[in-house]
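This note is intended for a colleague who is meeting the structure for the first time.

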Amino acid sequence: MSNDISLLRQAFVSQRQFYDDQNFPRGFGRCGNFTLLEASILEQHGVVLKGLYNKTLEPQNEIQEQFYAVVSGSQAPTNAIERAWIKYLKLTTCKAKFHTLFGRSKISSPAPQNPDYYSESDSL
């Protein structure tokens, strides 16, 4: 299978650009997660890639069939388009880990004590 980007782009031709305003409101190129090549791949071919991923489109050629095998998990990504889509899926479907400087996520409260424990001399 050829990894020539121009042949790959011809295999995933789309008439519309792909936008994901929910996850990337500033666009793929300005979010800081994608390279310029990955951003242009997602914008220009994302409609077809999403259709193949959601199974609303059928693979039309050999390269699209290989992409379908990659997103179904039976093959590893071998070209730039497959790697860009897998990266997009990881960023949009996986939960982000949140790191904090504090050791505990929940502050424990002191255990309530029995009122019989206190004596009258302990009064304020």
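1. Helices (H or I, at least four residues) and strands (E, at least two) are DSSP runs, numbered from the N terminus. By that rule the protein chain has 4 helices and 0 strands, and its pattern along the sequence reads α-α-α-α.

2. The model is predicted: local features need pLDDT of at least 70 and side-chain atom pairs count only at pLDDT 80 or more, whereas totals for chains, interfaces and linings use all residues. Residues are numbered from 1 along each chain as its sequence is written, and side-chain values use heavy atoms, with hydrogens and water left out.

3. Of the 124 residues of the protein chain, 28% count as buried; buried means under 20% relative accessible area, exposed over 50%, and partly exposed in between (1.4 Å probe, protein chains only). Contact means heavy atoms within 4.5 Å. Among contacts in the protein chain with a separation of 6 or more, 64% join residues 24 or more positions apart.

4. The helix pairs are described by axes, which are lines fitted to C-alpha atoms, for helices over the stretch in contact; angles run from 0 to 180 degrees between N-to-C directions. Angles under 35 degrees count as roughly parallel, over 145 as roughly antiparallel, 65 to 115 as roughly perpendicular and the rest as oblique. For the classes of residue, Ala, Val, Leu, Ile, Met, Phe, Trp, Tyr, Cys and Pro count as nonpolar, Asp, Glu, Lys and Arg as charged, and the others, Gly among them, as polar.

5. How do H2 and H4 pack? Their axes lie 9 Å apart at an angle of about 80°, and H2 and H4 are therefore roughly perpendicular to each other. On the H2 side the contact includes Leu37, Ile41, Leu49 and Tyr53, and on the H4 side it includes Ile81, Trp85, Tyr88 and Leu89. The residues of this H2 and H4 contact divide into 11 nonpolar, 1 polar and 3 charged.

6. The axes of H2 and H3 come within 10 Å and cross at roughly 60°; the two helices are therefore oblique to each other. Val48, Leu49, Leu52 and Tyr53 of H2 make this contact with Gln64, Phe67, Tyr68 and Val71 of H3. By class, the contact of H2 with H3 has 7 nonpolar, 1 polar and no charged residues.

7. Helix H3 (residues 62–72) and helix H4 (residues 80–93) have axes that come within 10 Å and cross at roughly 30°, and H3 and H4 are therefore roughly parallel to each other. Here Gln66, Phe67, Val70 and Val71 in H3 meet Glu82, Trp85 and Ile86 in H4. This contact comprises 5 nonpolar, 1 polar and 1 charged residues.

8. A nonpolar core is a set of buried Ala, Val, Leu, Ile, Met, Phe, Trp, Tyr and Cys residues joined through side-chain atoms within 4.5 Å. Which of the 24 residues in the largest nonpolar core touch the most other members? They are Phe12, Phe28, Phe34, Phe67, Trp85 and Tyr88. Helix H1 (5–11), helix H2 (36–53), H3 and H4 each supply at least two residues of this core, and H4 gives the most, with 7 residues. Leaving aside neighbours within four places in sequence, Phe12 has contacts that include His45, Leu49, Ile63, Phe67 and Ile81.

9. Lys55 deserves a separate remark. This residue lies in the loop between H2 and H3 and has a positive phi of about 65° although it is not a glycine. Most residues other than glycine have a negative phi. At 56% relative accessibility, Lys55 counts as exposed.
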